[in-house]
Amino acid sequence: MINLRPETLFSCKGQVAVITGGATGIGRACAEALGAAGAQVVIIGPSDTHPCQVAEELSTHGGTFEGAVCDVTNDAQLQDVITGLITKFGRIDTVLANAGVALDPPGGTTLEQLAAMDRMYQIHTRSVVHLAELVLPTMAQIGGGSMMVMSSLAGLRGNRVLSGYGVTKAANAQIARNLAVQWGQQQIRVNALSPGVISTEFARPITTDAETASVRLAKTPLGRFGTPHEVAGAVVWLASPAGAFVSGQNIVIDGGTLVMD
């Protein structure tokens, strides 16, 4: 009989989990949640987010964390970090591609918009493909694993201002679907996550502007913004035995905004 106790069903014990963009906001909450579920968590981020310091801070609350400084758009840096982790641990069971930025220039020229889109494509789309290329063969060797790609509600709706952001987030969700098909026979599950507005520093332009916030909340059935741990819960689910038959999906975590009439 299958053990359905939460401590087993949602356990990540024994896993090595890697999170890009893991030092702040949603990524940090996901790192903390995976650590609490028993995983050894590696937090990857650029130097200005201090991933090593964040790993030390999280370790004081229990769990096992370490940090690695890396620009995910730098192919050599990313390869060095992932290769080093595989050498050290011999396995990677879970990976969350969470690195992201919102760079759409309000009222920018076409050239400015294209330059911003190019940069977001590098972070949201191209780096995910490279990360998968580096990680998934090792997952296949150990019998499978879970990869998650942080997409966005902006990739599922039309946008007045988040145009390039939405385009690149739609693209990374499609990458997740493609990878799910390509690697499914190796028991690798790949899913996208599409949060709505989550109360983080990243979303402050929306959550702290009274007029903008009011409009957003009026279009959200739950009538509030989400919290980082409400995204982290889905990450633990997809990394654990509870999510073992979920692949190729785009999990929307938005308080109902997408279905609002």
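Gln187 counts as exposed, because its relative accessibility is 55% (exposed means over 50% relative accessible area, buried under 20%, partly exposed in between, with a 1.4 Å probe and protein chains only). Gln187 also has a positive phi of about 65° although it is not a glycine. You'll find Gln187 in the loop between helix H6 (163-183) and strand S6 (188-195); helices (H or I, at least four residues) and strands (E, at least two) are DSSP runs, numbered from the N terminus.

Keep in mind that this is a predicted model, where local features need pLDDT of at least 70, side-chain atom pairs count only at pLDDT 80 or more, and totals for chains, interfaces and linings use all residues. Residues are numbered from 1 along each chain as its sequence is written, and side-chain values use heavy atoms, with hydrogens and water left out.

**Another positive phi**

- His50 is not a glycine either, and its phi is near 55°, a positive value.
- The loop that holds His50 runs between strand S2 (40-45) and helix H3 (51-59).
- His50 counts as partly exposed, because its relative accessibility is 44%.

**Overall build**

- The protein has nine helices and seven strands.
- Its radius of gyration is 18 Å, close to the 18 Å that the globule rule gives for 261 residues, so the protein is as compact as a globular protein of that length; the radius is taken over C-alpha atoms, and the rule is 2.2 Å times the number of residues to the power 0.38.
- Along the principal axes, the C-alpha trace spans about 50 × 40 × 40 Å.
- Buried residues make up 46% of the 261 residues.
- Take the contacts (heavy atoms within 4.5 Å) between residues at least 6 apart in sequence: 71% of them join residues at least 24 apart.

**Surface and charge**

- The protein exposes about 12600 Å², and carbon and sulfur atoms supply 55% of that; accessible areas come from the Shrake-Rupley method with a 1.4 Å probe, and for residues only the protein chains shown count as cover.
- There are 16 positive and 20 negative side chains, and the centres of the two sets lie 7 Å apart.
- For that tally, Lys and Arg count as positive and Asp and Glu as negative, while His and the chain ends are not counted; each charge is placed at NZ of Lys, CZ of Arg, CG of Asp or CD of Glu.

**Cysteines**

- The disulfide count comes to zero, a disulfide being a pair of cysteine sulfur atoms within 2.5 Å.
- Cys12 is in no disulfide, and the nearest cysteine sulfur, that of Cys30, is 11 Å away.
- Seen from Cys30, the closest cysteine sulfur is in Cys12, and 11 Å is too far for a bond.
- Cys12 counts as buried because its relative accessibility is 0%, and Cys30 is buried too, at 0%.

**Two residues in helix H5**

- Val128 sits in helix H5 (residues 110-141) and counts as buried, because its relative accessibility is 4%.
- Not counting residues up to four places away in sequence, Val128 touches Ala97, Met147, Val149 and Ile175.
- From Val128 to Pro51 it's 77 residues in sequence and 19 Å in space, C-alpha to C-alpha.
- Thr138 lies in helix H5 as well, and Thr138 is buried, with a relative accessible area of 9%.
- Leaving aside neighbours within four places in sequence, Thr138 is in contact with Ile86, Arg91 and Ile92.
- Thr138 and Leu162 are 24 residues apart in sequence and 35 Å apart in space, C-alpha to C-alpha.
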